[in-house]
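Subject: Handing over the structure

Hello,

Here is the structure I promised to pass on to you. Please open it alongside this email so that you can follow the residues as you read.

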Amino acid sequence: MAKPIHVSLQKNLNDSLIATGFPFRKKNIVDTYVKIFRELLNHASDMRRCGSASLDLAYTADGIFGGFFEYALSPWDIAAGVLLVQEAGGITTDFNGKNNYLKTGNIIAGSKIIHNELLKIIQSNDPNYFEK
């Protein structure tokens with residue numbers, strides 16, 4: 001019998017692996033991305049880059065990663081993974097905390113606790129960049 005998956009039960013970012021991908025489609029935001037990456041590297045247990053947003057989201061849904069964020073993805077990169085995360089009890093938003101990630105391509109996913117910590121760090125590093 002299959003075992004249901006669930007997002008990470010970690011209570012803080014310090015104990016969580018965070019997955020991400022590099023913003024190769026938007027070279028103009030690399031400096032902002034590096035600032036966010038640096039801060040997360042100092043707060044998270046560690047960072048991972050698998051190279052596939054759909055795989056990162058599946059691992060986030062299964063609790064392997066505490067959270068995931070990435071810029072400028074296409075809807076087909078994230079739609080199925082978003083469903084997995086949500087069905088596993090997680091939260092997915094864009095960088096404004098809204099549900100426009102399929103339009104903007106900017107996504108944060110994870111348990112409620114880890115998602116909120118990621119959102120705070122991302123927004124604090126460049127609050128003027130994100131689409132309203």
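Predicted model: local features only at pLDDT ≥ 70, side-chain atom pairs only at ≥ 80, totals over all residues.

**The cores**

The largest nonpolar core holds 18 residues, and the ones with the most contacts inside it are Leu13, Ile18, Leu40, Phe69, Tyr71, Ile108 and Leu118. Two or more residues of this core come from each of the helices α1 (30–43) and α5 (112–125). Of these, α5 gives the largest share, with five residues. As general background, nonpolar side chains in soluble globular proteins tend to be buried together.

Apart from its neighbours within four places in sequence, Ile18 is in contact with Leu13, Ala44, Asp46, Met47, Arg48, Gly66, Gly67, Phe69, Ile114 and Leu118. There is also a second, separate core, which has 15 residues, among them Ala19, Phe65, Leu73 and Ile78.

**Helix α3**

With 13 residues at 1.5 Å a residue, α3 should span 18 Å, and its end C-alpha atoms are 18 Å apart, so the two values agree. After α3 comes Gly89, with a positive phi near 95°.

Which residue has a positive phi although it is not a glycine? That is Ala72, at about 55°. Ala72 sits in the loop between β3 and α3 (75–87). With a relative accessible area of 13%, Ala72 is under the 20% limit and therefore counts as buried.

**The salt bridge**

How many salt bridges does a search of the whole structure find? The search finds one. It joins the side chains of Asp46 and Arg48, with 2.9 Å from N to O. Both partners are partly exposed: Asp46 has a relative accessibility of 30%, and Arg48 has 36%. As the contact list above shows, Asp46 and Arg48 both touch Ile18.

Leu41, in helix α1, touches Asp46 and Met47, leaving out residues up to four places away in sequence. Leu41 is partly exposed, at 42% relative accessibility.

**At the surface**

A nonpolar patch on the surface is formed by Leu55, Tyr59 and Ile64, which together have about 230 Å² of accessible area. Ile64 belongs to the loop between α2 (53–61) and β3 (67–70). Its relative accessibility is 43%, so Ile64 counts as partly exposed. Ser54, in helix α2, is also partly exposed, at 39%.

**Two distances for orientation**

For Ser54 and Arg25, which are 29 residues apart along the chain, the C-alpha separation is 17 Å.

Happy browsing, and best wishes

Terms used. Residues numbered from 1 in each chain as written. Heavy atoms only, no water. Salt bridge = Lys/Arg side-chain N within 4 Å of Asp/Glu carboxyl O. Buried < 20%, exposed > 50% of the residue type's maximum accessible area, 1.4 Å probe, protein only. Patch = residues over 30% accessible without salt bridge, like charges linked within 9 Å, V, L, I, M, F, W, Y side chains within 5 Å. Areas by Shrake-Rupley, 256 points an atom, 1.4 Å probe, with all protein chains shown as cover. Helix = DSSP H or I, 4+ residues; strand = E, 2+ residues; numbered from the N terminus. Core = buried A, V, L, I, M, F, W, Y, C linked by side-chain atoms within 4.5 Å. Contact = heavy atoms within 4.5 Å. Expected span 1.5 Å × (residues − 1).
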